Amino acid sequence: MQKFILNIAFILLFASFAKAQEWVVPEDKKARLSTFPFDAETRKTGERLFALNCMSCHGTPGKDNYLRLVPPPGDPASADFQENKDGEIFYKVSIGRQQMPAFRSVLSTEEI
């Protein structure tokens, strides 16, 4: 009986961990498009903002040196990150989740 209870507890824990990995973005938020051109100036600004607000957890893009948290913040250069649409990134950065803070009160809409 004790083994059965431990198995059930493990299954529930695993299910909650798997659910925590999902980050569901509402469909209407996914469709949001970036309102600025991607040029040298916006790239430089973005790199500065990333270094100040994001690098401490996400690490250097392409280096796979992000903090090992649960759920993991991940590497912005990874395929998983790159598959995000503009609206998904904006939503996630704005509202945050678990260890990731909501940046809507820290950064302007344009900065996000």
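1. The secondary structure of this chain comes to six helices and zero strands, where helices are DSSP runs of H or I with at least four residues, strands are DSSP runs of E with at least two, and both are numbered from the N terminus. Read along the sequence, the order is α-α-α-α-α-α. The model is a predicted one, in which local features need pLDDT of at least 70 and side-chain atom pairs count only at pLDDT 80 or more, while totals for chains, interfaces and linings use all residues. Residues are numbered from 1 along each chain as its sequence is written, and side-chain values use heavy atoms, with hydrogens and water left out.

2. On the chain as a whole, buried residues make up 21% of the 112 residues; here buried means under 20% relative accessible area, exposed means over 50%, and partly exposed lies in between, with a 1.4 Å probe and protein chains only. The chain exposes about 8,500 Å², of which carbon and sulfur atoms supply 61%, the areas coming from the Shrake-Rupley method with a 1.4 Å probe, and for residues only the protein chains shown count as cover. Among contacts between residues at least 6 apart in sequence, 46% join residues at least 24 apart, a contact being heavy atoms within 4.5 Å.

3. Helix α3, which covers residues 40–53, has 14 residues and reaches 20 Å from its first C-alpha to its last, close to the 20 Å expected at 1.5 Å a residue; the expected span is 1.5 Å times one less than the number of residues in the helix. The N-terminal end of α3 is capped by D39, a side-chain oxygen of which lies 3.2 Å from the backbone nitrogen of E41. This pair can be read against the rule for a polar contact, namely N or O atoms within 3.5 Å, where within protein one must be able to donate a hydrogen and the other to accept it, and where residues adjacent in sequence count only if both atoms are side-chain atoms.

4. The salt bridges deserve a careful look, and the count comes to three, each being a side-chain nitrogen of Lys or Arg within 4 Å of a carboxyl oxygen of Asp or Glu. Side chains of opposite charge can pair when their charged atoms come close. In helix α3, the side chains of R43 and E47 meet in a salt bridge at 2.9 Å, N to O, and because these residues are four apart in the helix, they are separated by about one helical turn. R43 is exposed, with a relative accessible area of 59%, whereas E47 is partly exposed at 46%.

5. Another of these pairs joins the side chains of K30 and E27, at 3.2 Å, N to O. K30 and E27 are three residues apart in helix α2 (residues 27–30), so about one helical turn separates them. K30 is partly exposed, with a relative accessible area of 23%, while E27 is exposed at 60%. D64 also forms a salt bridge, with R68, and the closest N and O atoms of that pair are 3.9 Å apart; D64 is partly exposed, with a relative accessible area of 44%, and R68 is exposed at 55%.

6. Helix α6 is mostly covered, since seven of its 10 residues are buried, and these are G87, E88, F90, Y91, K92, V93 and S94. The buried residues of α6 pack against α2. After α6 comes G96, whose phi is positive, near 65 degrees.

7. N84 sits in the loop between α5 (79–82) and α6 (86–95), and N84 is buried, with a relative accessible area of 18%. A polar atom of the N84 side chain lies 3.2 Å from the backbone oxygen of D80, and the side chain of N84 also reaches the backbone oxygen of F81 at 3.1 Å. Not counting residues up to four places away in sequence, N84 touches I89 and K92.

8. A last point concerns the cysteines: a search of the whole structure finds zero disulfides, a disulfide being a pair of cysteine sulfur atoms within 2.5 Å. C54 is in no disulfide, and the nearest cysteine sulfur to that of C54 belongs to C57, 8.7 Å away. That separation is too far for a bond. C57 is partly exposed, with a relative accessible area of 30%.
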